[in-house]
Amino acid sequence: MKRQSGIALVAVVLMAASAVLAFGQETTGSIAGRVVDAQGLAVPGASVTIMAPQGPISLVTDGEGRFLAPYLTPGVYAVRVDLQGFTPIEQQNVNVRLGQRVDLMLTLEVGGITQAVEVLGRAPVVDTSTTTVGAHLDTELLAHVPIGRRFSDTLTIAPGVSSGGGTGAANPSIAGGSGLENQYVVDGVNISNSGFGALGSYSIIFGSLGNGVNYDFIKEVQVKSGGYEAEYGQATGGVVNVITKSGTNLLRGSVFGFSRPDGLEARFSGVQTANGTVNVTHTQVSDYGVEVGGPALRDKVFFFGAINPQFERRTLIAPDGFPLRSLGEVTQDREILSYAAKGTWQLLQNHRIDASFFGDPANGNNGPQRTTALLGTDTAAFSELAEYGGHNQTVRYEGVIRPYWLAEASFGRAQNDTVEIPSINDWQITDRTVTPNIRSGGIGFFEQTAEGKNRQYQAKSTLLFDFGGSHEVRGGIQYEDIDYINTIQRTGPTFVLPNGERTVTGAQVSIQSDPVFDRIFRVTRANTSNTRDTSQDYTVWFAQDTYRIQRLTANGGVRWEQQELHGNLTDFTLDSNYAWRIGGTYDLFGDGRTKVFAHGGRFYSKIPNDLAARALSADAGVTRADYFDAALTQPVPQGVTALGTTNHFIITGTSASDIDPEVKQGYLNEYLVGGERELFQGLNVSVRYVHRNIARLVEDIGTAPLAAFSTGQADTVEFFLTNPSPATPVIPGFGAAHEKGIHDYNAIEIAANKRFSDNWQLAASYRYARLEGTFEGFFRNDNGQSDPAITSLFDFPTNDPSFAQILTPLGARGDVRYLGKAGKGPLPNDRRQQTKIFGSYAFDRWVSGLNAGVGLSFTTGRPLTALAANPVFTNSGEIPEGPRGSGFQTAEDGFRQRTKVLKEVDLHLDYGLPLMGGARIVGLLDVFNVFNLNTATNYDSFTESTFGVLNPDFGQPVDPLTRLPAFQTPRQIRIGARFEF
């Protein structure tokens, strides 16, 4: 009923043409201006013509000499002003960026209509109307600097963006957030993963597999890292906004092909470890495609279409001494078919409809899709990625109803899937009684189905009026109708648990040594429920005013959000979430080239549906079930001492989590101040200080201390959704208490940007930042947990002296208090210093058509913390052995508190050869990691493989999450060719 009411509400909103509504992500920019005479007086009634690729736009200045051209596709424009009795003027090279308003001051001089048009220089590049910080990355920059061809690769150029660690390259940390706290929008469609909030198709095993849209289809990428108005939200990291290419009055297109062959790749750094590490020997990526855009009806109807098949191959080899070493080199193959289509219809000069369709359906052939499959005794752990990627569609209307009234409405749909099929249906077994551990059986945990669908309804409008200054009042509504179906499975037959209940999945079994019984077969994971059909209703409205008086622009607004999550067993509603935003800019010299600004606001986090799949549906997970036999038919009785405990059966999540009736949505507060100056024509430099802190968070907590499971006072781990604090209830008698999570981010950023002009362009930045606390956000890098709002960080009280008093004498390592305030320190995504320089130069003066680009990056290493296994869950990487960032002894580089500084130099060359009819052929060359540096990027931080079993690979240069060697990617060379017409 709630969902039907929500849909009905949005339908009414979209049909109500007179409603003043506003929401959505920016897909265009705008040009505003004021025309004055030589005395600075307003010139009303002047004709203004915007010369645009999709046809000219005609405007007339109002009584104050002002004009506004909204809904402009990002690109370069010219603005001409005509009025009888004055010399016509034309402003050239007006660069409109995504979400940017370009303000022009145009002065008419008295003269005859026969006099020549006065052509002015370039327009200002400083947007004096906004406090938003981040980056704009356009096609001109991306085509001439060394960057990967995936859409997500472009984000690394932006200031404030750094590695997200375990979330992979597609999900970076932005402004201190974890990699699962960004929002990704393409052509107005939110393509963020419904289950986890990541980019496109996402798996907790593989990370982001899909990229939503291909690099070659992009017109411009906007990265908002802070300071954005009430119109934008759903992110406590950053907002990534992308606009794809559109057709114009010119028929243009290209046929292209790229290859990064393994024959032009330097050797990967390998590692031999006691428990075995699979090494990468080669990688190879190639793609080809075609794109074309143009007019179907000049000045009225336009089209763009593209298709781009891609092929990825990674060659792996099993460690020396392991059975699958006999296979030699084995390939992991994946294929992606990216496509895009867009149509634009200019109904009237001021009314436009756009329809976009894009996707990246893909698959991976049966083989070592999981690299750890090569550590087994046979190929039973091979699997097939039968399906991943997604399909997205949107239809948008943008129009000027009246000169003072702008309106927009849209419908979008985003779908992504992940399906893995194991090659063999056997239990996954790890024999930890020997070193190296012997792994046999199937892949264990896998996602049989992970399908998300997000239907998005949006409308917005803007009213322009004067009252003590000029006002731009916006208001809006958005409704998202989300479905997420997640069916998990574990390979192997079902079996009977010690309590007599039969599982619905297979088992993951760890064979461990015991001094009395020789060997115990411990089931570390199994499930009695595995299908979760969830949904979400997400509703937002906002209202804001942009008030301008002389040089001052003030922005104030409020945003209201309501989130309803529906699981198999219960619902969870978070409402009455009001977010304030206030900021302002001041045009310091009144010339549109210098501004100072400040902004403050509250940003609520949107919880993905994984919480509904696990906490609102019976997760029903077995974390410990001990047996005497390999067939799992003889359970170890409770009370018998084996493997150092008398508790041999622990289950979690047998029912939906209880919900605190007072729980509120989590949020962070942000404050920033800064300044920006156009130093000389086209080059602007900005300096800003950013502070962010998470003031409240939502998590599932357990009320029993870890020691309670050894003393017999607790036997199941049940969860409670709340805002953790010292007031959260805990089982008495242990002196334990919960704590608030701490997440503080402070950064100083300096950025320099120049769009292409005078043969060169630049995007450079330096950031000094500190990210400290106890809580990362939606992703936990310690153990690689992708469970937004239900990480294991708060499953047990962290202010707990009983851990050291009771569990340490029983062999537990570390101290749970280091997860709380006692362990506060640099969080895993803390990167103290970061420098990026990307730019290019066109050598037209010497060799016409030759361009050279460079990419330089220098980043402080990640902090290191030794992590022991959880004595209840038994999984590794859970309990710190010291405060965060306290370091440990590495195998190759001695004692370190951080990994080494990561440095890289990349180069790009392209040469265009003109052909007849305006066509040309372009050859391209990119060299990544020119000096072939191989710095270690991480070390195995797990001191135990599982509880009670030491990890012989601790300190090795191996990523503890992927189990691959953790070094810089070696030098790689990409070649390409493009025929443009």
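The paragraphs below go through aromatic pairs, charges over rings, strand pairing and salt bridges in a predicted model.

A pair of aromatic rings is described by the distance of the centres and the angle of the planes. The structure holds 22 aromatic pairs. One of them joins Phe 256 and Phe 258, with 6.3 Å from centre to centre and 50° between the planes, which makes the pair tilted. Phe 256 has a relative accessibility of 4% and therefore counts as buried. Phe 258 counts as buried too, because its relative accessibility is 7%, and the limit for that class is under 20%.

A second pair is formed by Trp 541 and Tyr 578. Their ring centres are 6.4 Å apart and their planes stand at 75°, so this pair is edge-to-face; the class applies to angles over 60 degrees. Trp 541 belongs to strand E34 (residues 531-549) and Tyr 578 to strand E36 (residues 571-587), so the contact ties together parts that are 37 residues apart in sequence. Trp 541 is partly exposed, with a relative accessible area of 33%. Tyr 578 is also partly exposed, at 44% relative accessibility. Elsewhere, Phe 196, Tyr 202 and Tyr 484 make up one aromatic cluster.

Charged side chains also sit over rings. Arg 149 lies over the face of Phe 258, 3.9 Å from the ring centre; this is the Phe 258 that is tilted against Phe 256. Lys 606 takes a position over the face of Tyr 538, at 4.9 Å from the ring centre.

The next topic is strand pairing around E25. Strand E23 (residues 330-348) and strand E25 (residues 362-367) run antiparallel and are joined by 3 bridges. Within this part, Arg 334 stands opposite Gly 364 in E25. E25 is also joined by 3 bridges to strand E26 (residues 383-402), and these two strands run antiparallel. Here Gly 367 has Ser 383 in E26 as its bridge partner.

Side chains of opposite charge can pair when their charged atoms come close. The structure holds 49 salt bridges. In one of them, Arg 352 meets Asp 354, and the closest N and O atoms are 2.9 Å apart. Arg 352 is buried, at a relative accessible area of 7%, and Asp 354 counts as buried at 2% relative accessibility.

Glu 670 and Arg 692 form another salt bridge, at 2.9 Å from N to O. Glu 670 lies in strand E41 (residues 667-680) and Arg 692 in strand E42 (residues 683-696), so the bridge ties together parts that are 22 residues apart in sequence. Both Glu 670 and Arg 692 are buried.

The salt bridge between the side chains of Glu 772 and Arg 832 has an N to O distance of 3.5 Å. This pair links distant parts of the chain, 60 residues apart: Glu 772 is in strand E47 (residues 760-773), while Arg 832 is in the loop between strand E50 (825-826) and strand E51 (833-842). Which side of the burial limit does each partner fall on? Glu 772 is partly exposed, with a relative accessible area of 23%, whereas Arg 832 is buried, with 15%.

Finally, salt bridges that share partners join Arg 149, Asp 216, Lys 245, Asp 287, Glu 291 and Arg 978 into one network.

How values were computed: Residues numbered from 1 in each chain as written. Predicted model: local features only at pLDDT ≥ 70, side-chain atom pairs only at ≥ 80, totals over all residues. Heavy atoms only, no water. Phe/Tyr/Trp six-rings, centres within 6.5 Å; stacked < 30°, edge-to-face > 60°. Buried < 20%, exposed > 50% of the residue type's maximum accessible area, 1.4 Å probe, protein only. Helix = DSSP H or I, 4+ residues; strand = E, 2+ residues; numbered from the N terminus. Lys NZ or Arg CZ within 6 Å of the ring centre and 35° of its normal. Pairing = 2+ DSSP bridges. Salt bridge = Lys/Arg side-chain N within 4 Å of Asp/Glu carboxyl O.
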